[in-house]
Amino acid sequence: MALDQSFVGRTYPPTDPYEVGREKIREFAEAVGDANPAYTDPEAAKALGYPDVIAPPTFVFAISFKAAGQVVTDPQLGLDYSRVVHGDQKFAYSRPVQAGDRLTVTSTIESIKSLAGNDVLEIRGEVHDEAGKHVVTAWTKLVARAAEEA
């Protein structure tokens, strides 16, 4: 069953603040195999003009994807999450995420398309710091595979 197009443009409440810690950044950088010293060494980050270590560009995925959970679990939308695969991810930054940030994410359904019986859902997550300044926009594309015929 195709997702309801009337959900396009629906915005969900902002998440509780997520506090970005040095250790989380270090763990993430190690997990993705990025040895950039700006991710682990405060002095290296300060030499680049940042007040503390910064996060790799894809770090924010964990925060924005968790926020997108409000969308995918919305019972009115009717998405069968057991059939969902991750289709795409992209980011547009105003500034890097840095240790000490307290970030909130506001998720909006940007588009719903039906392709060959599959539903393609694009969710835009607007990430702001505690001063309300934009940090990054994250787009997550999810594909709900069509049910297999009996």
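Does D52 count as buried or exposed, and at what relative accessibility? At 15% relative accessibility, D52 counts as buried; buried means under 20% relative accessible area, exposed over 50%, and partly exposed in between, with a 1.4 Å probe and protein chains only.

The model is predicted: local features need pLDDT of at least 70, side-chain atom pairs count only at pLDDT 80 or more, and totals for chains, interfaces and linings use all residues. Residues are numbered from 1 along each chain as its sequence is written, and side-chain values use heavy atoms, with hydrogens and water left out.

**Figure 1. Overview of the protein and its elements.** The protein has 3 helices and 5 strands, which run β-α-α-α-β-β-β-β from the N terminus on. Helices (H or I, at least four residues) and strands (E, at least two) are DSSP runs, numbered from the N terminus. The C-alpha trace spans about 60 × 30 × 20 Å along its principal axes. Of the 150 residues, 40% count as buried.

**Figure 2. Surroundings of D52.** D52 lies in the loop between α2 (42–47) and α3 (60–72). The side chain of D52 makes a polar contact with the side chain of R22, at 2.9 Å. A polar contact is a pair of N or O atoms within 3.5 Å; within protein, one must be able to donate a hydrogen and the other to accept it, and residues adjacent in sequence count only if both atoms are side-chain atoms. Not counting residues up to four places away in sequence, D52 touches R22, P42, A45 and A99, where contact means heavy atoms within 4.5 Å.

**Figure 3. The largest nonpolar core.** This core has 19 residues, and those with the most contacts inside it are I25, F59, V97, L103 and V127. A nonpolar core is a set of buried Ala, Val, Leu, Ile, Met, Phe, Trp, Tyr and Cys residues joined through side-chain atoms within 4.5 Å. Two or more residues each come from α1 (22–31), α3, β3 (102–115) and β5 (134–144), and the largest share, 3 residues, comes from α3. Leaving aside neighbours within four places in sequence, V97 is in contact with V20, V53, I54, A55, F59, L103 and V135. Apart from this core lies another, of 15 residues, among them A68, V71, V84 and I123.

**Figure 4. Helix α3 and its cover.** Buried residues of α3 are V60, I63, S64, A67, A68, G69, V71 and V72. The cover over them includes β1 (18–19), β2 (84–93), β3, β4 (118–128) and β5.

**Figure 5. The open sheet.** Its 5 strands have the order β1-β3-β4-β5-β2, with antiparallel pairing. The edge strands, β1 and β2, each pair on one side only. Two strands pair if DSSP finds at least two bridges between them; β2 and β5 pair in the antiparallel sense over 9 bridges. Y93 stands opposite V136 in β5.

**Figure 6. Surroundings of L77.** L77 lies in the loop between α3 and β2 and, at 5% relative accessibility, counts as buried. The C-alpha atoms of L77 and D4 are separated by 6.8 Å, although these residues are 73 residues apart along the chain. Not counting residues up to four places away in sequence, L77 touches L3, F7, V71, I109, I112 and L121.
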